[in-house]
Amino acid sequence: MNNLAGAKPKDIARRRGQTDDLVFYGSSVRLHWPRFLRTLQGIAGLVVLVFVVGVALIGPLVAPHSLSAIVGLPGNGPGPAAPLGYDFLGRDVLSRVLDGGRPVLVLSTVPIAFTYLIGITVGMVAGLSRSLVDPVLMRVVDVFIVFPPLLLLLLLIVGAGTGAGVLMVGLVLVLFPGVARLVRTATLEASTTGYVEAAVARGESMFSLMRREILPNITAPILADLGVRFSAAVIFAAGVNFLGLGSSPPAANWGLMISENREIINTNPWSVVVPALLLAMLTISVNMLGDAYVRSLGRSSASR
Amino acid sequence: MSSPDRPDGVHSEPAVPSALPFQIQSVASVGALPSVGSARLTRATGMRGRHPLVWYIARRVAAGVVTLLVASALIFVATNALPGNVAEAVLGKQATPQRVALLERELHLNDSFVSRYGSWLVGTLHGDLGQSATELAEGASSTSVTGLIGRPLFNSGVLAMLTVILLIPLSLLVGTLAAVRSGRCSDYAISYASLALGSLPEFVLGTFLIVIFFSALHVLPPVALVPLGSSPFAHPNALVLPVLTLLGISLAFCSRQVRAGVIESLRQDYVTAARLGGIRERRVLWRYALRNALAPSVQTFAQATQYLLGGIIIVESLFAYPGIGQLLVQEVLLRDVTLVQGITLVLAAIYIAINIAADILVVWLVPKLRTGFQ
């Protein structure tokens with residue numbers, strides 16, 4: 001999983017362009033322009049991510065047409081008035097691309113925030129508790145992973161109907177068990193250390209124990225996992241939209257655009273390729289950043 | 001990587017490796033032996049002592065059945081999350097009250113929640129997954145869910161099997177190659193290519209493939225239409241792009257895991273010993289390193305197969321391939337609750353079965369796990 005496996009520490013340091021302090025000392029995550037963003041991979045990932053997020057956030061403000069206005073012939077290719085041509089109903093593809101990023105971002109970032117909030121809380125409580133709370137919590141977590149995530153999302157949509165709210169709740173349910181398990185493992189590990197035992201002996205409360213002793217020491221595994229999990233959220237959110245079970249039609253969404261313009265892929269391929277490309281750039285850049293971070297941790301923490 | 005604190009039972013560790021598309025797993029433990037928490041084979045007397053493997057299999061299957069029960073309950077609760085009337089949703093707003101009442105009676109919608117779940121469960125044990133709501137509403141002659149999902153299930157099986165058959169040798173090859181060249185240019189090329197490929201949503205990769213092979217090169221059809229009643233094998237052209245899409249993403253994941261496993265075993269003492277003993281490097285690699293990296297790879301391939309269960313849903317919709325995934329999405333749109341319940345239960349059963357099979361295979365492959373001392 002990381003290319004540095006098998007290399008000597010000295011080689012690793014040289015390849016990364018580091019000669020001084022190798023990496024990461026337990027608790028101190030340095031936030032001043034982190035090292036992983038100084039590698040080529042980190043910079044490339046960040047630049048692409050900023051570009052895609054920029055398109056998604058600023059796009060709706062500069063879109064030349066309304067996203068539902070029919071301004072040309074269905075499936076017509078690019079022309080002077082429409083650089084990306086027209087979609088299957090004759091709407092401006094450029095405007096819809098500029099409008100379609102925001103829902104993708106919202107539908108993935110909001111669930112990710114809740115995923116980590118719930119996952120970290122559940123994981124830490126389970127990891128620290130010495131009672132029945134731990135097994136009970138973990139069995140509840142296990143319930144949500146008895147089958148493929150997309151299947152759980154579809155089930156929920158059948159039961160509760162389509163809509164952004166249902167999709168977001170579904171994404172949290174699908175994503176949080178992994179975080180909870182990961183945090184629980186990290187917490188168990190951290191709770192055997194001297195400083196946690198000292199804090200327990202001092203009689204600190206559960207909350208302050210979690211916030212001041214455990215949380216700062218488990219940020220590395222949590223951050224290492226953020227990249228893949230965020231891209232999973234993007235993939236599921238866009239995928240459900242692609243299946244036509246997310247935002248309802250006039251709204252633009254990169255996932256939905258790919259499926260609705262498939263029939264005109266020959267006359268105006270841009271209507272499909274551009275949203276696909278933007279989604280690809282988003283997921284790849286996020287994974288690149290995550291991978292760069294994992295590599296910056298070095299081998300020991302990376303496999304956690 | 002084992003989880004010693006996990007009690008045995010329903011969810012003893014690898015009951016379900018991950019809820020996420022397996023990309024997530026690449027951050028989790030890599031190359032290590034699959035969790036052996038559940039493989040604790042005690043040296044007790046009697047049945048357990050004499051046939052530890054049989055005892056282990058029995059326990060895993062029993063745990064799988066319980067997991068499936070949990071899954072069935074979850075399916076039932078999720079599909080009934082909102083009290084919205086299924087009969088009305090299926091028939092549409094114009095339906096007369098009489099028709100709604102009739103359909104409700106046919107689907108037993110007026111019974112209590114628990115009794116509906118109970119009769120569904122009992123029916124399932126008899127191989128009867130109930131009646132499809134939409135088919136009943138249309139007055140179709142055959143309305144049994146079991147009958148409706150047979151053919152699509154076969155078609156999807158063909159798709160998944162072809163992918164797995166190509167996936168295993170290819171990822172072993174690519175992964176081993178990257179491991180041998182570890183740290184060099186070709187390894188970086190493979191690693192970054194697989195990182196990018198594995199990040200893509202299935203429908204994005206599939207769309208790119210359609211644009212390349214259909215729009216630009218005109219060599220392959222953009223949809224995988226298989227006429228009703230004919231075998232997918234009769235239309236090999238149609239299968240190429242769906243299989244390629246699934247293969248691309250799962251190959252990216254598997255080759256990374258294989259690479260990590262091979263690197264791990266190349267570092268072991270027995271490899272050094274073999275090299276010092278003058279055994280040729282090629283033989284050391286394929287017979288010593290790769291063979292020992294196979295056990296963890298079994299778990300990887302199991303995860304990839306489980307991923308395919310979700311992946312086919314998207315890929316079949318993209319290519320209009322008449323499989324179980326496309327049927328599922330159609331019926332979700334139509335809110336055919338009974339059919340969706342049936343399909344998800346079948347898929348969940350396959351998901352759990354793959355898990356158990358992989359666990360048993362690993363215990364069988366790694367003698368260490370069978371002795372009771374670990």
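Reader: In which helix is V53(A) found?
Author: The model is a predicted one. In chain A, residues 40-62 form one helix, and V53(A) is found there. The element asked for is helix 2 of chain A.

Reader: Is V53(A) buried, partly exposed or exposed?
Author: A residue is buried if 20 or more other C-beta atoms lie within 10 Å of its own, and exposed if 12 or fewer do. V53(A) has 16 C-beta neighbours inside 10 Å, so V53(A) counts as partly exposed.

Reader: How far apart in space are V53(A) and R102(A), C-alpha to C-alpha?
Author: In sequence, 49 residues separate V53(A) from R102(A). In space, the distance between their C-alpha atoms is 8.3 Å.

Reader: At what angle do helix 4 and helix 7 of chain A pack?
Author: Helix 4 of chain A covers residues 101-128. Its axis and that of helix 7 of chain A are 6 Å apart, and the crossing is right-handed. The contact has 23 nonpolar, 5 polar and 2 charged residues. The packing angle is about 35 degrees.

Reader: Which helix gives the largest share of the side of chain A that touches chain B?
Author: The contact takes 58 residues from chain A and 63 residues from chain B. On the chain A side, the elements giving two or more residues include helix 5, helix 7 and helix 12 of chain A. The largest share is 11 residues, and it comes from helix 12 of chain A.

Reader: How many helices does chain B have?
Author: The secondary structure of chain B has 0 strands. The helices come to 14.

Reader: Is A293(B) buried or exposed?
Author: A293(B) lies in helix 12 of chain B, residues 281-319. The cut-off for a buried residue is 20 or more other C-beta atoms within 10 Å. A293(B) has 25 such neighbours, so A293(B) counts as buried.

Reader: Leaving aside its neighbours within four places in sequence, which residues is A293(B) in contact with?
Author: T124(B) is 169 residues from A293(B) in sequence and 40 Å away in space, C-alpha to C-alpha. Contact here needs C-beta atoms within 7 Å. With its neighbours within four places left aside, A293(B) is in contact with V258(B), G261(B), V262(B), E264(B) and S265(B).

Terms used. Residues are numbered from 1 along each chain as its sequence is written. Chains are lettered from A and ligands numbered from 1 in the order in which they are written. This is a predicted model: local features need pLDDT of at least 70, side-chain atom pairs count only at pLDDT 80 or more; totals for chains, interfaces and linings use all residues. Two residues are in contact if their C-beta atoms, placed from the backbone, lie within 7 Å. Helices (H or I, at least four residues) and strands (E, at least two) are DSSP runs, numbered from the N terminus. Axes are lines fitted to C-alpha atoms, for helices over the stretch in contact, and angles run from 0 to 180 degrees between N-to-C directions. A crossing is left-handed if the near helix is turned anticlockwise from the far one by less than a right angle, and right-handed if clockwise. Ala, Val, Leu, Ile, Met, Phe, Trp, Tyr, Cys and Pro count as nonpolar, Asp, Glu, Lys and Arg as charged, and the others, Gly among them, as polar.
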